[in-house]
Amino acid sequence: MRILHTISELRQALAGTTDTAFVPTMGNLHAGHLSLVARARERGGPVVASIFVNRLQFAPHEDFDTYPRTFENECELLRSAGCDIVFAPSEAELYPQPQVYKVHPGPELSDILEGHFRPGFFVGVCTVVLKLFNCVQPRYAVFGKKDYQQLMVTRRMVEQLALPVEIVGGETTRANDGLALSSRNGYLDAAQRAEAVALSRELKAIAAQVAQGRTDWPALEAAAMRVLTGRGWQPDYVAIRRRSDLGAPAAGDALVVLAAARLGSTRLIDNLEIGADPINAAV
């Protein structure tokens with residue numbers, strides 16, 4: 001496995017390659033990231049993983065400065081997962097001047113849910129993803145479905161800009177108790193970690209009720225919010241949405257239920273699909 005730090009080194013290493021699979025990360029890796037590398041390996045070409053903590057997607061009050069950075073351990077994990085190249089640019093390499101040219105995704109998808117509670121987040125995500133795509137020039141890019149809205153926004157950007165990249169969704173990796181693996185789970189103390197599974201449990205309860213035919217979606221959302229609040233969480237949203245575009249659901253739609261809530265100082269997100277799978281229909 002090669003570890004490269006400059007765009008010129010990366011382009012030289014990939015010169016003439018047309019089937020690269022790419023897994024963008026911010027480091028602090030866990031088994032979920034490694035499952036995305038495994039998914040990338042299925043494509044048959046070289047696998048590139050990036051490690052870059054992207055300042056543009058953090059608000060001033062968020063955890064950019066304290067976000068865990070354990071580069072040597074991350075490289076060992078990627079090596080064991082079969083990654084071919086780690087691209088780990090410095091901030092000065094990727095943003096040599098202030099990044100004033102940015103990608104502003106459509107508000108109908110990017111200003112709701114996560115975008116509502118984290119204004120500017122998807123501008124930062126899309127800008128760095130497009131820039132990384134230009135550096136790596138992959139044929140495939142693998143994103144985890146745990147960040148469901150991010151996957152959809154990225155896929156929409158690729159469609160709108162006619163980028164020659166196939167976006168592949170990787171299934172959410174969960175702990176044995178059902179908690180979705182996340183880099184931020186490491187912020188939880190023992191008691192919070194035991195409580196954290198309540199988020200996925202509420203999503204499963206909603207999915208079960210919808211599968212049984214309930215269509216009073218606002219009532220289901222409100223009930224889950226009350227349960228989480230009563231257990232000491234600070235929920236931002238629990239939302240049942242149409243899976244094709246995260247719009248308001250109607251009878252017969254394939255659905256997804258999404259949630260974001262703070263437990264102590266740690267903000268966790270999760271989602272659960274209900275029904276068919278249009279988000280990965282083309283994969």
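The following is a conversation about a predicted model and the terms used to describe it.

User: What makes the protein as compact as a globular protein of its length?

Analyst: The protein has 10 helices and 9 strands, where helices (H or I, at least four residues) and strands (E, at least two) are DSSP runs numbered from the N terminus. Its radius of gyration is 19 Å, close to the 19 Å that the globule rule gives for 283 residues, so the protein is as compact as a globular protein of that length. That radius is taken over C-alpha atoms, and the globule rule is 2.2 Å times the number of residues to the power 0.38. Along the principal axes, the C-alpha atoms fill a box of roughly 55 × 40 × 35 Å.

User: Why is serine 50 called buried, while glutamine 137 is called exposed?

Analyst: Buried means under 20% relative accessible area, exposed means over 50%, and partly exposed lies in between (1.4 Å probe, protein chains only). Serine 50, in strand 3 (residues 47–51), has 0% relative accessibility and therefore counts as buried. Glutamine 137, in the loop between helix 7 (121–136) and strand 5 (140–144), has 54% and therefore counts as exposed. Of the 283 residues of the protein, 51% count as buried.

User: Which residues does serine 50 touch, leaving out those up to four places away in sequence?

Analyst: With contact meaning heavy atoms within 4.5 Å, serine 50 touches Phe22, Val23, Pro24, Thr25, Phe87 and Leu132.

User: Why does proline 249 count as buried?

Analyst: Proline 249 lies in the loop between strand 7 (234–242) and strand 8 (255–263), and its relative accessible area is 18%, so the residue counts as buried. Beyond its neighbours within four places in sequence, proline 249 is in contact with Trp217, Ile240, Arg241, Arg242 and Leu255.

User: How do you know that strand 5 and strand 6 pair?

Analyst: Two strands pair if DSSP finds at least two bridges between them, and strand 5 and strand 6 are joined in the parallel sense over 5 bridges.

User: What makes the contact between glutamate 166 and arginine 43 a salt bridge?

Analyst: A salt bridge is a side-chain nitrogen of Lys or Arg within 4 Å of a carboxyl oxygen of Asp or Glu, and the side chains of glutamate 166 and arginine 43 meet at 3.4 Å, N to O. The pair links distant parts of the chain, glutamate 166 in strand 6 and arginine 43 in the loop between helix 2 (31–41) and strand 3, 123 residues apart. Glutamate 166, at 21%, is partly exposed, and arginine 43, at 24%, also counts as partly exposed.

User: How many salt bridges does a search of the whole structure find, and which residues are joined into one network?

Analyst: The search finds 20 salt bridges. Among them, the side chains of glutamate 273 and arginine 243 meet at 3.7 Å, N to O. Glutamate 273 is in strand 9, whereas arginine 243 is in the loop between strand 7 and strand 8, 30 residues apart. Salt bridges that share partners join Lys145, Glu171, Arg243 and Glu273 into one network.

Definitions and conventions. Residues numbered from 1 in each chain as written. Predicted model: local features only at pLDDT ≥ 70, side-chain atom pairs only at ≥ 80, totals over all residues. Heavy atoms only, no water.
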